[in-house]
Amino acid sequence: MPVYGIDGSPGPADLHGLWRERSREGDPAVRERTWTRANGESATRTVDIAATDDGVTLTSTHTSPSGKSLTVEASVASDPEAGTLSVSLERILPNDKTWTKELELAMDADGATLTSTFTRPSGLTVTRTYAANLDQGGLSVEGSVSRTLPGGRELLARHGQSPITA
C-alpha cells in the first residue's frame, strides 16, 4: 500500500523511493509495522505497551533490513500517596551493549528531589541529584553530579558542574 499525503499526492517516502509500503496489524497494545523499500528490503518495528498496577511498560524492537535489532524497554511507575514517580529506560544495541537511564522523583509539601542515573555501555555511570525546597524565603534549588568508572573510581566533576546552586 503506497503512502500518500493529505491531498492524495505521494508522501515524502514515495518521492524519494525509500519506503513504498507499510502495514499495521493486530492488537492495539501490540503494534507491528513493516516498511518495504523499493528494492524489496524490509524493516520492522514492534511496540508492546502494557498497563501495570502503578504505571505502564513499553518494549519496542526495531529490526533493520540487514537483520540488526535495537530494543528499547521502558517503564513508568507512580505512587501518588508517597508522592513518587519512577522512570526506567534501557536500550539494547545490536552488539548487545546496553544504555540505561533511571529517574526518581519524590515530592512532598516542602519541595521535591530528582535523581537521574545514566549508565553507558562502557560502565561509566553519571548520577545527578537535584533538590528544590519551598519555604517562607522562596524557592531554593541545589544539585550535585557524580561520575563513576566501572571499577568504582569516582571522576572529579568538571568545573562549574557540581555542586549546583541557584
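# Reading a predicted protein chain

Trainee: Which residues make the nonpolar surface patch of about 260 Å²?

Mentor: I49, V56, V76 and L85 make this patch. A patch gathers residues with over 30% relative accessible area and no salt bridge, joining nonpolar side chains (Val, Leu, Ile, Met, Phe, Trp, Tyr) within 5 Å and like charges within 9 Å. Areas come from the Shrake-Rupley method with a 1.4 Å probe, and for residues only the protein chains shown count as cover.

Trainee: What is the mean pLDDT of the protein chain?

Mentor: The predictor's confidence in each residue, pLDDT, runs from 0 to 100. Here the mean is 77, and 76% of the residues reach 70 or more. Over residues 1–24, pLDDT stays under 50, and the model has 43 contacts beyond four places in sequence for them. Residues 159–166 also stay under 50, with 14 such contacts; a contact means heavy atoms within 4.5 Å.

Trainee: How many strands are there in the protein chain?

Mentor: Helices (H or I, at least four residues) and strands (E, at least two) are DSSP runs, numbered from the N terminus. This chain has 12 strands and 1 helix. Buried residues account for 10% of its 166 residues.

Trainee: With which residue does E41 form a salt bridge?

Mentor: A salt bridge places a side-chain nitrogen of Lys or Arg within 4 Å of a carboxyl oxygen of Asp or Glu. The partner of E41 is R37, and their closest N and O atoms are 3.7 Å apart. A search of the whole structure finds 1 salt bridge. E41 counts as partly exposed because its relative accessibility is 37%, and R37 likewise at 30%.

Trainee: Is T125 buried or exposed?

Mentor: T125 is buried, because its relative accessible area is 19%. T125 lies in strand β9, residues 125–135. Beyond its neighbours within four places in sequence, T125 is in contact with T117, F118, T119, S146, R147 and T148. With T119, the side chain of T125 also makes a polar contact of 3.4 Å. Such a contact is a pair of N or O atoms within 3.5 Å; within protein, one must be able to donate a hydrogen and the other to accept it, and residues adjacent in sequence count only if both atoms are side-chain atoms.

Trainee: What is the phi of D96?

Mentor: Most residues other than glycine have a negative phi. D96 is not a glycine, yet its phi is positive, about 70°. D96 is found in the loop between β6 and β7 (98–108), and D96 is exposed because its relative accessible area is 64%.

Technical notes. Residues numbered from 1 in each chain as written. Predicted model: local features only at pLDDT ≥ 70, side-chain atom pairs only at ≥ 80, totals over all residues. Heavy atoms only, no water. Buried < 20%, exposed > 50% of the residue type's maximum accessible area, 1.4 Å probe, protein only.
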